[in-house]
Structures are given as C-alpha cells and as structure tokens.
Amino acid sequence: MERSDTARRWPGSGLESRIGLAALSAAVLVAGMLRLAFSDYSLWFDELASVFFALQPTERLWSAWMLRETNPPLFYTLLRWWIQGTELSDAGLRVPGIAASLAAIGVIYAAMARAYGRRAAVAAALLLALSPQQLYFSHQVRAYIFLYLAVAVSFAGLVQIVLAATSRARAIGWLLYVAGAVAGIYLHTTGVIWPATATLALMLVDARFRPFRGRLWIALAVAGGVIVLASSWWLYITFRQLTQPNGNLGWMQGLGVSKSALVYGATLLQSRQISALQLPAPLLVAGFVALGAWRGRGEAVTRLTLACLAVGTALFLVLNLKQPIFLDRTILWLSLFPLVLAARGVGTLRGRPYAAALVGLALALGVSVALTRPHLPREDWRAVVTRVAADPGAALLVDGEAMGVATQMACRVQLHRPACPFAVVPLVAPGPQLDSWGRGLAVPVPARDGRLALPADARAYVLRRPFHDAQADVQRAGLLRGADVTPPEAPVVVGPYPPVLLDALARRTAVRGGIVRVP
C-alpha cells in the first residue's frame, strides 16, 4: 500500500500548523456552544436507567450483578465519577457526552492531518462540529457517543499503523488500536463488531496483514488476542446473558428494509430527520464522500476506510438476522468512515473551491442543526413527575419494576429529592417483564396482608408509555375498561381517578415481593 502524498502537499510549517490548530479550536468552540445551548431538556427512560446504574457502587457494576443489564459497566462508571462531583440535572448529566463528542473532533482531526493533510482535517472538524447527528448523540446520557470516540481512537491507531515509517510509530498505532477496541467493548456490547471489522478490512486491502503471507499478520493476531483477553470478562457476561431469556431486548424489533435503508443513509451522512430544507446537507456530504472515494481510490487510508465501512455494514446486517441491532444508535460509529471520505473529498480542493465547500457545508449543516433542535426532546419526564407531585395525595401506577425505578430517578433529577413525594406503584402482569434489569430494584409498595395499602383518600394517576402502559395492566384487572386504548407515542399521565379505583385494584390484585401482581 502506498501512503497518500496529500500531507506533503500541505507542508507542516509553523504558520500552517497554527492555522490548522486555530480552525480546530474554532470548531471545538462552536460545537461546545451548540451542544451546551440545546442541552437543557428532560431525560428519557433509557437515560434515567443510566442514572440509576451510575448510582450503584463500583464493585457492583464490575461484578456478576451486571448479568441483569445488557450494557457494559464502563460508561456507568464514568458517569458515576461525574455525578459524584456535580448535582443531578438534565443539562449537567449531558456534559460528559458533550465532552466525548468534542474529544472525537480532536482525535479525528489528528488522524486526518496524518493521512490527508490539514485541509481535510479542517473539513472533518467542521463536519463534526455542525453535525446534527453528533449534536443528538452527544446529548444522550448513554454510551453511544463514547463508543464513537473509542472507535475513532482505535481507527486513528490503524491509520498510524498503515502509514508508520518506524517501528516506534507503529507500536503507538497498535496501542491506540487495542486500547480503543477494548474500551469500545466495555462501553457497548456491539463494540465487538469493530475489532472484527478492522481485522478483516486490514487483511482485505493490505497484503502485509494476510495470514502466512505478510510480515505484519502476527502483530495483527497478537493485537486481536490481547483485545479478546482484555475483554474476556464482559464477553463471558454477554455469553451468559445470551443463554438465558433476556427481557431487556424484548422491545427491539427489526425496522424493515425501507426504514433500515433510510436510517442507514441518514446516519452515514451525519443527519437526523431529513426534510426539504435539511436535504442539502446530506446531499453535499454524499457528494464529497463520492469525490473523496474516487480521488483517493489508490491511497492506503482511503481503501482501508472503504473496507471498514463495507465490512462493518455486512457484520451488522448478518448479526441483525439473529437479534435486531441495526439501529441509528448502534451503527453510529459506522458514520466515521463516510466522514473521513467526505473530508478527503473537500481536502482535494484548493483555493476558492475549498473555501466555497467549507462555507456551503457550514450553511447547510447549520440549517439542519436548527431544524433538528425541536426533535431533541423525546420524553418529558419533567412534566410527568411535576404534575403528579403537585397532588399531595397522589399514587402513580406504572408498568413494571423498571418503570418504578425510572420514575424514582426522574424525581431525583427533576425534583431534586431522594425519593418521589408520591407513591409509585409498579404493576406486573404474568409472564416475563420487559426491561427485566429492574427486577427486585423498585421501591416496595405499602402493603397489608398481601394487599396494596394506600391512604383511603389517595388519588390514582396512570403512567402510559410505549412498551410500558400501566393502563393495560389496570384493564387486565378488569378496571377502566372504557378508557382509550390507543398506544401513546410518548409518556403521558392520565387521571386523577378517585380513591375507589385504588380500592378496587387492591381487591383484585396481590402484593408479592413489594410489587403489585396483576392476575
């Protein structure tokens, strides 16, 4: 494989280095301001679950106790460290994700400058800074943006390995590759796809890494062995989870061919919703991806990038046949590779065309970011707990123990109280629970002689949410039969209902293990 000579076309002089670093600093500053400005909105269910796990003792997170949770403990540990030094709030909890997104800009900038020169590196920083997709996932109090950062570090290591002229430089590349891959697996289980992708991609495009033929295949095999060994504890936990029923995955359903294609295209082109006004941004990105792939088709890093995209996509599709995992959040890191190609395409331009490309991308992405803002709030738990807390005699009926846990976390974040000021009553119907990670973790309900025992004047509120509809549980008990059964699109509280509803519910159900069992 031949190294690209693009970096040599933009020499690393002091002035040009300062220009590049100034552009990087500006991109990070703009990205940080945008992400922080839009960050104060309510957490959603999965994010509330993240808060719960982050509040667990570290020794519990790194033990067999995590068999209940399909997500690895590294993100929860990082979030725990952050929570220990700050107060719980929607915007505050989003700061670590924002920081990870900004760090990714720096990592990718460095890798692009190494492979293609500073023009391409500046373009990559601009794309990431104004990416609606990066804005969206930097706000998620989940591991996805951290996985993106880990894969970016690991891919930067691959770039270093491919282009290294000395054994010392190549050793640094191997260190980055392995560290990023191991961190990725401990951030999200689908991170195991990345080292498999990288290994196959290297062997496909570079004869030096092919078994028994190239001189670097042993180093690649050793790196893979180190990754497996370092990740073995979580791989073992995952194996045990796969050999038993797992209610945490019950909500995941295939998107279908057309929707999967739409999600795939939007994700790879740095987009979220695609409307008429937002369309110029992904079209521009797609055009520069094609330009970068064509003009860089003979370059080592370009061929490696294309191979990573193709192999990673294929592995996701194959695994998706067994368990639906082809979602925007899980394939987020695949968007790294079109980004590299798009930046390469912009970097091939000179003078006014280059400046025009940057301005055009900035304007198109800026419009797309502005139009993405209204779509950021997903679930208004702030409104849920505030409304119920305003009624001193309230009891909130929720579906399942995990919803009980999430409601308590919402009270901690939104009301800044250690527990909800109202009774939270989890209802559990026969059969496996969805989000079974919450089993045995909800606050026990008041009970007497195996029956729900709330104050005689308590008023009932019912929390309805997609996949978790407490109204369905109440109707299963033979109550509220005339209520609207249309599934809600977002969490909504219905009620209040008079105390007679709770009295009837208590007579038709039983309390076992601190939760209300619906027959």
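How many of the 14 residues of α21 are buried? The answer is 13, so α21 is largely enclosed by the rest of the structure; here buried means a relative accessible area under 20%, exposed over 50%, and partly exposed in between, with a 1.4 Å probe and protein chains only. The model is a predicted one, in which local features need pLDDT of at least 70 and side-chain atom pairs count only at pLDDT 80 or more, while totals for chains, interfaces and linings use all residues. Residues are numbered from 1 along each chain as its sequence is written, and side-chain values use heavy atoms, with hydrogens and water left out.

Helices (H or I, at least four residues) and strands (E, at least two) are DSSP runs numbered from the N terminus. From its first C-alpha to its last, α21 reaches 20 Å, close to the 20 Å expected at 1.5 Å a residue, the expected span being 1.5 Å times one less than the number of residues. Just after α21, H416 takes a positive phi of about 55 degrees.

Helix α20 (residues 381–389) has W381, V384, V385 and V388 as its buried residues. Seen down the axis of α20, these fall within an arc of 80 degrees, so they line one face of the helix; the arc is that of the directions from the helix axis to the C-beta atoms. The buried residues of α20 pack against α21 (401–414) and also against α3 (45–54), β1 (394–399), β5 (459–465) and β7 (492–497).

**Disulfide**

A search of the whole structure finds one disulfide, a term for a pair of cysteine sulfur atoms within 2.5 Å. The bond joins C411 to C420, with an S to S distance of 2.0 Å, and the torsion about the S-S bond is about 100 degrees, so the disulfide is right-handed.

| Residue | Relative accessible area |
|---|---|
| C411 | 0%, buried |
| C420 | 12%, buried |
| C308 | 0%, buried |

**Nonpolar cores**

A nonpolar core is a set of buried Ala, Val, Leu, Ile, Met, Phe, Trp, Tyr and Cys residues joined through side-chain atoms within 4.5 Å. The largest has 145 residues, of which Y148, F155, Y177, W194, W333 and L336 touch the most other members. Helix α10 (residues 144–163) gives the most to this core, with 15 residues. A second, separate core of 21 residues includes L427, V462, V511 and V516.

**Buried polar side chains**

T190, in the loop between α11 (167–187) and α12 (193–205), is buried at a relative accessible area of 10%. The side chain of T190 makes a polar contact of 2.7 Å with the side chain of H188, where a polar contact is a pair of N or O atoms within 3.5 Å; within protein, one must be able to donate a hydrogen and the other to accept it, and residues adjacent in sequence count only if both atoms are side-chain atoms.

H468, in strand β6 (residues 468–469), counts as buried at 1% relative accessibility, and its side chain makes a polar contact of 2.6 Å with the side chain of D435. D435 lies in the loop between β2 (423–428) and β3 (447–448) and is buried, with a relative accessible area of 10%. D435 and E69 are 366 residues apart in sequence and 8.8 Å apart in space, C-alpha to C-alpha.

How values were computed. Contact = heavy atoms within 4.5 Å.
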